[in-house]
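Me: I would like to learn how to read a structure with several chains. Please take me through it one feature at a time.

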Amino acid sequence: MQNFAAEFNSALALILEGDSELWAIVLLSLQVSVFAVLISAVIGMPIGAALAVARFPGRRMMIVLMNALMGFPPVVVGLLVYLMLSRSGPLGILELLYTPTAMIIAQVVLVTPIIAALTRQVIEMLAEEYSEQLRSLGVSRLASVPVLLWDARLALITALLAGFGRAIAEVGAVIIVGGNINHVTRVMTTTIALETSKGNLALALALGAILIGIAVAVNAIVSALSLRAEQEGLRHA
Amino acid sequence: MRDLVSDMTNCLRARDLQVRSNGKALLDVHDLTLDGPGPTLILGPNGAGKSLLLRCLHGLISPDRGQVVQDGTPLNAYHKARQAMVFQRPVLLRRSVAANLDFVLKRQNMSRTGRKDRIVELLTEGGLEDKSRQSARSLSGGEAQRLAILRALALNPETLFLDEPTSALDPSATQMIERMVLRASSRGVRIVMVTHDIGQARRLAADVVMMQGGHVVEHGPAKQVLDVPGSEASRRYLAGGLVT
Amino acid sequence: MFRGIIRAALITLGLTAGSAWAEEPFIVVQSTTSTQNSGLLDYILPWFEAESGIDVRVVAVGTGQAIRNAINGDGDVLLVHAKTDEEQFVADGWGVERKDLMYNDFVLVGPKSDPAQIKGGSDILTALTAVAAADAPFVSRGDDSGTHKAEMGHWVATDIDPTQDSGSWYRETGSGMGATLNVASGMDAYTLTDRATWLSFGNKLNLEILVEGDPRLFNQYGVILVNPEKHPGVRANAGQRFIDWLTGPDGQAAIESFKLDDQQVFFPNAN
């Protein structure tokens with residue numbers, strides 16, 4: 001075990017000292033996941049807000065479906081996206097399989113339900129508080145959506161970061177649609193999987209430590225933001 | 001000719017108004033006409049239907065029966081745009097004090113400089129001129145309610161509804177609010193305000209509406225209703241109110 | 001039309017494979033974990049890439065999955081080690097032509113304590129029979145990979161059906177070679193592995209080679225161009241160029257020069 005600790009330390013040192021190949025992998029991970037989360041936000045936030053504000057038949061059903069999609073197994077998502085993007089699939093002509101775009105698509109499928117569901121919760125709570133006041137000011141239901149989205153911005157950033165956490169830590173889907181191709185689609189999680197299968201457990205763990213570092217940084221931002229939001233709420237009450 | 005006269009007088013009328021829930025009438029107002037010049041204060045015990053009446057008059061709730069009539073025509077969007085309401089708990093947007101006012105002014109398509117001047121004017125009116133850039137959510141209870149009133153006034157309303165705006169405030173904060181309400185009234189804004197505070201009714205009201213169990217039990221000049229109540233319900237409420 | 005619009009939009013965003021992410025022409029090779037985990041491909045590909053300007057993108061999965069992916073058209077070249085399946089792949093029209101590329105061998109590894117007493121043997125059937133008789137833990141890939149197919153072939157030859165004992169002494173991981181070796185080293189079990197993956201594996205713990213040298217442990221790799229008539233998107237020219245290089249003198253020499261622990265691990269035999 002002592003041997004392992006030494007191996008882990010040297011692996012970590014190697015990474016932190018600036019192995020450019022490794023940093024390229026970290027960068028690609030961030031690029032893919034940030035892109036995926038931004039696209040998910042553009043899709044998921046209006047859906048979530050619409051479900052929070054609008055009343056239409058089937059709304060309850062959609063909310064149930066969305067909440068269920070939050071727990072969709074990544075491997076299944078990966079498989080579905082693979083079947084879509086495969087050359088023998090309907091979107092095969094786009095030649096997107098085994099590209100970062102394919103990984104972004106898979107992560108968007110995984111993250112959009114999370115962002116939509118969290119947005120709905122946040123906006124529904126805020127809408128309850130605002131609804132009479134906004135109507136009194138003559139703001140229509142539709143026009144209230146941007147107001148609510150803007151005023152819920154802190155909570156929504158938390159939702160974005162939650163989605164980012166899921167995206168960056170995900171391996172099952174991206175390894176299927178990305179193919180873990182060196183210099184092209186190899187990200188942190190697939191590298192960890194690869195090094196583990198090579199039996200390089202210390203290196204895999206060191207990479208895991210960096211991934212945890214990113215996760216901690218993300219969570220620190222989340223908690224700082226929600227603390228700020230909470231303080232404003234407390235002072236108000 | 002008739003329209004012209006009623007426009008000038010701002011006549012708000014509830015006719016045969018009923019709001020029901022589970023077969024029970026929560027509000028049942030046969031005929032109430034508000035056309036006097038001074039503030040109208042609505043008094044009554046909890047559950048009397050005061051807030052419900054206010055929301056019907058403002059068009060936030062559609063009655064199950066009857067209608068609200070403004071100047072001879074059923075309440076419509078044109079009328080609603082000339083009304084404003086302040087709630088018991090001020091609902092402020094999660095933005096700066098100035099941005100809360102700007103939100104309303106922008107919707108009136110005012111120019112940038114026009115809005116800026118108007119914001120300064122309003123903040124001075126409410127004694128919040130040094131809080132302009134502060135987050136609205138960080139204001140004290142009294143300040144927040146003043147901002148809510150300023151935001152309502154930014155709409156240039158002909159009628160201002162207030163639903164127990166001072167129920168959670170200390171006497172000095174209450175006094176500031178009352179002054180703002182009286183100033184607005186003296187500028188010709190019709191004030192319709194719900195309160196639990198009989199002292200407040202005495203200080204502000206030109207006429208008083210007494211409610212109980214969803215009904216209007218009495219409506220008349222403040223002095224008459226408060227000093228010589230004409231109904232048993234009013235007498236009991238005022239007696240109890242005086243004790244507390 | 002619709003696809004054209006999507007494509008244009010994606011290219012504008014700089015997101016398709018052919019644009020901002022990578023400028024150079026490339027091919028996708030569906031291959032096995034053994035060629036990648038051993039480091040062979042990382043070692044030889046730079047030569048080809050420098051000479052041809054073609055970027056080789058390797059998707060390393062089990063042979064079974066690699067063949068299925070190739071049938072779906074998701075690769076230009078197939079480089080695997082299950083000769084019968086490869087020939088079937090070509091016979092069914094999915095591949096253009098199969099060529100021998102190189103070989104190495106399988107070895108039976110197991111714990112130093114060796115409860116089945118098979119160490120030093122060179123007959124894989126005897127060894128497997130002894131493992132089964134001793135109810136000694138044996139870990140199988142169980143994933144339809146080339147190694148798994150080879151292992152199953154040996155069991156058939158011994159007339160033992162280990163899958164009847166699946167879950168007791170016979171454990172199927174359903175994972176790659178590396179993951180399966182991790183399981184074997186974790187539970188002191190026997191397993192069949194290709195020599196290249198074994199030599200490069202970093203978590204051997206108590207495991208060592210117990211049986212090797214049986215001619216039946218021969219492990220032939222083949223290379224096939226995916227049929228562009230089945231999938232028009234296949235980059236046939238670049239793919240063929242890669243196959244020609246691999247099976248030509250330069251590629252064969254590169255394979256021969258790859259060493260792990262000073263041992264040659266893959267033996268070129270493309271003729």
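Reply: Start with the elements: helices (H or I, at least four residues) and strands (E, at least two) are DSSP runs, numbered from the N terminus. This is a predicted model, in which local features need pLDDT of at least 70 and side-chain atom pairs count only at pLDDT 80 or more, while totals for chains, interfaces and linings use all residues. Residues are numbered from 1 along each chain as its sequence is written, and chains are lettered from A and ligands numbered from 1 in the order in which they are written.

Me: How many helices and strands does chain A have?
Reply: Chain A has ten helices and zero strands. Its pattern along the sequence is therefore written with α alone under that definition of elements: α-α-α-α-α-α-α-α-α-α. The C-alpha trace of chain A spans about 70 × 50 × 25 Å along its principal axes.

Me: What share of chain A is buried?
Reply: The term rests on a count: a residue is buried if 20 or more other C-beta atoms lie within 10 Å of its own, exposed if 12 or fewer, and partly exposed in between, with C-beta atoms placed from the backbone. In chain A, 45% of the 237 residues are buried.

Me: How do I read the packing of two helices?
Reply: Axes are lines fitted to C-alpha atoms, for helices over the stretch in contact, and angles run from 0 to 180 degrees between N-to-C directions. Two residues are in contact if their C-beta atoms, placed from the backbone, lie within 7 Å. In chain A, helix H2 (residues 20-53) and helix H7 (residues 153-168) pack at an angle of about 135 degrees, their axes 9 Å apart. That makes H2(A) oblique to H7(A); angles under 35 degrees count as roughly parallel, over 145 as roughly antiparallel, 65 to 115 as roughly perpendicular and the rest as oblique.

Me: Which residues of H2(A) and H7(A) meet?
Reply: Among them are Ser29(A), Ser33(A) and Ala36(A) in H2(A), and Leu156(A), Leu160(A) and Gly163(A) in H7(A). For classes, Ala, Val, Leu, Ile, Met, Phe, Trp, Tyr, Cys and Pro count as nonpolar, Asp, Glu, Lys and Arg as charged, and the others, Gly among them, as polar. The contact of H2(A) with H7(A) has nine nonpolar, four polar and no charged residues.

Me: Which chains share the most contacts?
Reply: Chains A and C do, of the two pairs of chains in contact. Their contact takes 23 residues from chain A and 29 residues from chain C. On the side of chain A, helix H5 (100-136) and helix H9 (188-197) are the elements that give two or more residues. That side has nine nonpolar, eleven polar and three charged residues.

Me: Where does chain B come in?
Reply: Chain B has 14 residues in contact with 13 residues of chain A. The side of chain B that touches chain A divides into eight nonpolar, three polar and three charged residues. No contact joins chain B and chain C; their closest C-alpha atoms lie 34 Å apart.

Me: How do I read a sheet?
Reply: Look for paired strands: two strands pair if DSSP finds at least two bridges between them. In chain B, six strands form an open sheet in the order E6-E7-E8-E3-E9-E10, with mixed pairing. Its edge strands are E6 (83-86) and E10 (215-221) of chain B, each pairing on one side only.

Me: In which sense do E7 and E8 of chain B pair?
Reply: Strand E7 (residues 159-163) and strand E8 (residues 190-194) of chain B pair in the parallel sense over five bridges. One bridge partner, for Leu160(B), is Ile191(B) in E8(B). Helix H7 (residues 171-186) of chain B packs on the sheet and touches E7 and E8 of chain B; its direction makes about 150 degrees with that of E8(B).

Me: Where do I find positive phi values?
Reply: Phi of Glu164(B) is near 45 degrees, a positive value in a residue other than glycine. Glu164(B) lies in the loop between E7 and H7 of chain B.

Me: Is Glu164(B) buried or exposed?
Reply: Glu164(B) is buried, because 20 other C-beta atoms lie within 10 Å.

Me: And what of Asp135(C)?
Reply: Asp135(C) has a positive phi of about 50 degrees although it is not a glycine. Its place is in the loop between helix H6 (124-133) and strand E5 (138-140) of chain C. With 13 other C-beta atoms within 10 Å, Asp135(C) is partly exposed.
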